[in-house]
Amino acid sequence: MSTSPTLPVDEALPRLSELSVVDVRTPGEFATGHLPGAVNIPLDRVETGVADLRQAADRRPLLLVCASGARSEKAAVTLASHGIPATCLAGGTRSWSTAGHPLTYPPGPVRGVWAMERQVRFTAGAVVLLGLLLGLSVHPAFSLLSAGIAGGLVFSALTDTCGMAVLLGRLPWNRRGEGDVRPR
């Protein structure tokens, strides 16, 4: 259920110059392509960037962007708790690029970093498989590893949080290119 307003992709394109676009994906994901003029403030840094985001919102309306819209919605809720209005791009960068709109890339070669959701699915699946294999070949207690991941996935779904994504977001390939970026 969405609690903040969303802006459809085709309505956002002509308004980009009027908006402060903030991409809340990890720096690694941001480097794989982002909306023109966007700055990167990862979701886990939104709370500490409230002062800069408030100043940006005072100059121009905030448009929050992520891969699909889920993380930008969380960022909008965080900002709303501080009295900062923000709009989310409907469908995120995925919808933006699917509609044929341009993405901007940092200078140099484009790095192939998987989206966070894909990293989480891979890691969870690999750990479950490892737990099952070790449980069958080494000791049955290793099956608890798979049970722990299953429990974590259920908890993640019920709370709409993802501890594994937070941990993966701290890995070096998801932090490259991170710097002090402030919305214009």
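Helices here are DSSP runs of H or I with at least four residues, numbered from the N terminus. You are looking at a predicted model, where local features need pLDDT of at least 70, side-chain atom pairs count only at pLDDT 80 or more, and totals for chains, interfaces and linings use all residues. Residues are numbered from 1 along each chain as its sequence is written, and side-chain values use heavy atoms, leaving out hydrogens and water.

**First stop: the pocket**

Select Arg-71, Lys-74, Met-116, Cys-162 and Ala-165, which lie nearest the centre of the largest pocket. A pocket is an open set of points on a 1 Å grid over the protein atoms alone, where a 1.4 Å probe fits, with protein on both sides within 12 Å along at least five of seven lines; lining residues have an atom within 4 Å of a point. Now colour helix 8 (163–169): its 4 residues are the largest share of the lining.

**Next stop: helices 6 and 7**

Show residues 116–137 (helix 6) and 143–159 (helix 7), whose axes, lines fitted to C-alpha atoms over the stretch in contact, lie 6 Å apart at about 150 degrees on a scale from 0 to 180 between N-to-C directions. That makes helix 6 roughly antiparallel to helix 7 (over 145 degrees). At their contact (heavy atoms within 4.5 Å), pick out residues including Ala-124 and Leu-132 of helix 6, and Ile-149 and Leu-153 of helix 7.

How values were computed. Helices (H or I, at least four residues) and strands (E, at least two) are DSSP runs, numbered from the N terminus. Angles under 35 degrees count as roughly parallel, over 145 as roughly antiparallel, 65 to 115 as roughly perpendicular and the rest as oblique.
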